Amino acid sequence: MSDTTNDTMCPTDGVLHNYVDERSELSNQERKAIDVHLDDCAACADSAVELRRYRTLLLRTRVPGLDAEQWQVLDERVQMMGTEYVPPESRFGRVYWGVAAMAAVGLLAAGAWHLLNVAPSTASDNVNVAKAPTQRQRTSAALQIGAVEGQLQVADVGGNWQALRAGEELRRGTTLRVTDGEGRLTIPGHARLRLAANSEARVLVADGHSFFLRLRTGEIGCQVDKRQPGQGFAIMAGRFRATVVGTEFIVRHNNRASVTVRVTEGAVRVDEAEAPRSRISETTTVVRAGNQWRFAGGNVDFGPIAERPTAPAPQAVLKVEEQAAPAPAVAPVAKQAVAPRNTARKARPAADPAQIEGRKIIIHIPPQRMPDAEVDRLKSLERLLFGPGGRESREQDGTDTAPAP
Amino acid sequence: MRSTDDRAAQDRIDERLVDAYKRGNSHALSELYRHHSRRVESVARNVIGPSDELEDVVQDVFIEVQRALHRFRGEARFTTWLHRVTVNVALQHLRKGKRKGWLRWVSLDRVPGNRHAVSQDKRIEARESVQGLYLALDGITDKKRVVFTLYELEGMSLEEVAQAVGTSVNTVKSRLYHARREIFAEVKRKGLLPTHTLQVIK
């Protein structure tokens, strides 16, 4: 204390900065001593007032962060980069590659030039994430449009609408619309799109890896080419996002009032793109061929497409229920397919043991037509939640019996 | 204290997820991303400043996490380790640029104003003050600026800042002291201090 302030000596700049900083390490005693000093010293009191104004400036200074749309794109990019485990490079591996490198040098000396082209791979080479294009590459990237049919229009730099022609480029920020009739376009390597009348969409990402579109209003039909690992295709509409797992689907966005996703072939993952990071997994639904997902009036409906009554495809449903609640009867698949309203909102974060305590988790995995990848994902989730013994304990409860096909 | 309990609960979740990832469960990394992406974005943007490349930096952080998580031994908290990775990745981005400084990517026109200011005059004044602060931040060294922004804007404690930048608490105090003096002097010289003060209860 004696080196900082006393009744006769003014506090240093640093001490005054700490004095106005509520989080600083100054003790109450030191603060009181400065208070007393400020009562008597006009110069220090003025300095303290200036420093308080300065802190006011700091408190209202904020560096702009990502907006909702950028978060959506980032989520997709992280999904696409893959989250596989990257094993550490073993000591044996390092020795092995050391020997291999020495051998390569020897071979080089011997003039085996063709071996120069063989680069040994490392563990990190197995990560496909590094191949994902960067933001700068995405911003400059563009996709050339294939065939165009109908009345498709594109906004130019000045915001004027012009007819879209084959061979033109789609890039981030390009806005498309159809006012009358319908418009179709082919994006080589990605999809064939059909925009219905009065539809407008903006391109978020358009490159060889990914194609993300925001449907502002109207309806878009998508016939998506087979995806390679790391390739993404998604349509954002309102708060929601439909990501391709399969191939053919329609997204309808009624000017913020409702969003509909109909899947005619393959499967599509729908989630709430603007949900808090920790809740995204709760809001995810996989919609399979013959089914539709609809959000309207704050409620989610999920079931077979009305116009095309088909047998509902098996669905995976993750439900969290209170421990005290009676064990539910095993529901047939058809009933599960019509998801209860806001089921997703009632679910808890999947891997949060603190919130899972005192609750019972039921995972229905219908045995038929469930893709292997989906089964693996659910099993992996189950292992993560319960550990190796979790499934057996639930089977003893009799609550995890999958419905008969 | 509830916040301590929350922190302990989050630490336990992180621990489980890291273990699950090391056992080969690829779902665990997605969960870590969901739990921590907001925090990573916040730390990264305070280190690199206003930037169009924030998306890239956050993605690069999780690429680095994926590559390096097997080296995390659990001796420190996962969030501490993650902050360190974030700061390192963000600083690498800063160093890669041709033009150094905090405002290398965007013009001052895009500096946000104060949304809560009641009058147009107040809004303009607030905007000018923030622009002045940005310029002052642009003028100090990376080392001082990182410590300053993590403490003052991100709200980390001195210990957390020290762990995130990989130095001692005393070094952080010293850098913070110099950064505060330089920035305060610059803002005062330009006459950009607000005309009022806010009392904040933390």
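Reader: Is Trp161(A) buried, partly exposed or exposed?
Author: This is a predicted model, and Trp161(A) sits in strand E3, residues 161-163 of chain A. Buried means under 20% relative accessible area and exposed means over 50%. The relative accessible area of Trp161(A) is 28%, so the class is partly exposed.

Reader: Is Arg194(A) buried or exposed?
Author: Arg194(A) belongs to strand E6, residues 191-195 of chain A. The cut-off for buried is under 20% relative accessible area. Arg194(A) has 17% relative accessibility and therefore counts as buried.

Reader: With which side chain does the side chain of Arg194(A) make a polar contact?
Author: Beyond its neighbours within four places in sequence, Arg194(A) is in contact with Glu182(A), Gly183(A), Arg184(A), Glu219(A), Ile220(A), Gly221(A) and Ile250(A). A polar contact needs a pair of N or O atoms within 3.5 Å. At 3.3 Å, the side chain of Arg194(A) makes such a contact with the side chain of Glu219(A).

Reader: What is phi of Asn198(A) near, and where is this residue?
Author: Asn198(A) is placed in the loop between E6 and strand E7 (199-206) of chain A. With 57% relative accessibility, Asn198(A) counts as exposed. The residue is not a glycine, yet its phi is positive, near 60°.

Reader: How far apart are the C-alpha atoms of Asp301(A) and Thr260(A)?
Author: Asp301(A) is part of strand E16, residues 299-304 of chain A. Its relative accessibility is 36%, so Asp301(A) counts as partly exposed. Along the chain, Asp301(A) and Thr260(A) are 41 residues apart, and their C-alpha atoms are separated by 9.4 Å.

Reader: What share of the 405 residues of chain A counts as buried?
Author: The chain is built from eleven helices and 18 strands. Among its contacts between residues at least 6 apart in sequence, 56% join residues at least 24 apart. Of the 405 residues of chain A, the buried share is 45%.

Reader: How many helices and how many strands are there in chain B?
Author: Chain B has 202 residues, of which 53% count as buried. Residues 24 or more positions apart make up 63% of its contacts with a separation of 6 or more. Read along the sequence, the pattern is α-α-α-α-α-α-α-α. The count for chain B is eight helices and zero strands.

Reader: How are H2(B) and H4(B) oriented to each other, and what is the handedness of their crossing?
Author: Helix H2 (residues 27-48) of chain B packs with H4(B) at an angle of about 45°, and their axes are 9 Å apart. That angle makes H2(B) oblique to H4(B). Their contact has twelve nonpolar, four polar and one charged residues. The crossing of H2(B) and H4(B) is right-handed.

Reader: Which residues in H7(B) does H4(B) meet?
Author: Helix H4 (residues 78-96) and helix H7 (residues 158-165), both of chain B, pack at about 55° with axes 7 Å apart. H4(B) and H7(B) are therefore oblique, and their crossing is right-handed. The contact residues divide into three nonpolar, three polar and one charged. From H4(B), Thr80(B), His83(B), Arg84(B) and Val87(B) meet, in H7(B), Gln163(B), Ala164(B) and Val165(B).

Reader: How many nonpolar, polar and charged residues has the contact of H3(A) with H8(B)?
Author: The axes of helix H3 (residues 42-59) of chain A and helix H8 (residues 169-189) of chain B come within 11 Å and cross at roughly 95°. H3(A) and H8(B) are therefore roughly perpendicular. Glu50(A), Leu51(A), Tyr54(A), Arg55(A) and Leu57(A) meet Arg180(B), Ile183(B), Phe184(B), Val187(B) and Lys188(B). By class, the contact of H3(A) with H8(B) has six nonpolar, no polar and four charged residues.

Terms used: Residues numbered from 1 in each chain as written. Chains lettered and ligands numbered in written order. Predicted model: local features only at pLDDT ≥ 70, side-chain atom pairs only at ≥ 80, totals over all residues. Heavy atoms only, no water. Axes fitted to C-alpha atoms, helices over the stretch in contact; angles between N-to-C directions. Helix = DSSP H or I, 4+ residues; strand = E, 2+ residues; numbered from the N terminus. Parallel < 35°, antiparallel > 145°, perpendicular 65-115°, else oblique. Left-handed = near helix turned anticlockwise from the far one by under 90°. Contact = heavy atoms within 4.5 Å. Nonpolar A, V, L, I, M, F, W, Y, C, P; charged D, E, K, R; others polar. Buried < 20%, exposed > 50% of the residue type's maximum accessible area, 1.4 Å probe, protein only. Polar contact = N/O pair within 3.5 Å; in protein donor to acceptor, adjacent residues only side chain to side chain.
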